[in-house]
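Try each task yourself before reading the solution.

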Amino acid sequence: MRTSQLSRTTCARHSNGSAPRFRSVAPQATDVISYQVPTFRHYGSLVGFAAARNHCTFHVMSTAVIEAHAAELEGYALGKGSIRFAPRRPLPAAPVRKLVRARSAENERLRRK
């Protein structure tokens, strides 16, 4: 197995079942591959999940949503629209659900404009 495949498999195993959590919070979302990243879409990109050699990334794709939930994500490496974490230290379920809900609401607000 190549390193990238191994990393993806490891991250998927240690993501606490992120895909089912996305589904429970945003059942209307569809799965796509965007820029080689598994992504959920609902009125645009909602969230995505990727793996690198030494870390996993949860792409929230919104600086505003990351900033609004930064206190809950203390201890994780935050980017402008993403959260990096080690496979051995997965993201907790509660913040993931909150982030998906917030991102879905943001996309719906932007659609109405």
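This is a predicted model: local features need pLDDT of at least 70, side-chain atom pairs count only at pLDDT 80 or more; totals for chains, interfaces and linings use all residues.

Residues are numbered from 1 along each chain as its sequence is written, and side-chain values use heavy atoms, with hydrogens and water left out.

**Exercise 1. Work out the surroundings of histidine 42.**

Step 1: Histidine 42 sits in the loop between β2 (37–41) and β3 (45–51).

Step 2: is histidine 42 buried or exposed? Its relative accessible area is 9%, so it counts as buried.

Step 3: list the neighbours. Leaving out residues up to four places away in sequence, histidine 42 touches Gln28, Ala29, Ser104, Asn107 and Glu108; a contact means heavy atoms within 4.5 Å.

Step 4: look for polar contacts (a pair of N or O atoms within 3.5 Å; within protein, one must be able to donate a hydrogen and the other to accept it, and residues adjacent in sequence count only if both atoms are side-chain atoms). The histidine 42 side chain has one of 2.9 Å with the side chain of glutamate 108 and one of 3.2 Å with that of glutamine 28.

**Exercise 2. Describe the aromatic pair in the structure.**

Step 1: apply the rule. Rings of Phe, Tyr and Trp (its six-membered ring) pair if their centres lie within 6.5 Å; planes under 30 degrees apart count as stacked, over 60 as edge-to-face and the rest as tilted.

Step 2: find the pair. The structure holds one. The ring centres of phenylalanine 49 and phenylalanine 85 are 6.3 Å apart and the planes make 40°, so this pair is tilted.

Step 3: locate the partners. Phenylalanine 49 belongs to strand β3 and phenylalanine 85 to strand β6 (residues 82–85), so the pair ties together parts 36 residues apart in sequence.

Step 4: Phenylalanine 49 is buried at 16% relative accessibility, and phenylalanine 85 is buried at 4%.

**Exercise 3. Find the salt bridges in the whole structure.**

Step 1: The search gives two.

Step 2: take glutamate 72 and lysine 98, whose closest N and O atoms are 3.2 Å apart. This pair links distant parts of the chain, 26 residues apart: glutamate 72 is in the loop between α3 (63–68) and β5 (77–78), and lysine 98 is in helix α4 (residues 93–112). Glutamate 72 is partly exposed at 34%, and lysine 98 is partly exposed at 40%.

Step 3: take arginine 103 and glutamate 106, with closest N and O atoms 2.5 Å apart. They are three residues apart in helix α4, so about one helical turn separates them. Both arginine 103 and glutamate 106 are buried.

**Exercise 4. Locate glycine 44 and its distance to leucine 110.**

Step 1: glycine 44 is in the loop between β2 and β3, and is partly exposed at 22% relative accessibility.

Step 2: glycine 44 and leucine 110 are 66 residues apart in sequence, yet 9.6 Å apart in space, C-alpha to C-alpha.

Note on methods. Helices (H or I, at least four residues) and strands (E, at least two) are DSSP runs, numbered from the N terminus. Buried means under 20% relative accessible area, exposed over 50%, partly exposed in between (1.4 Å probe, protein chains only). A salt bridge is a side-chain nitrogen of Lys or Arg within 4 Å of a carboxyl oxygen of Asp or Glu.
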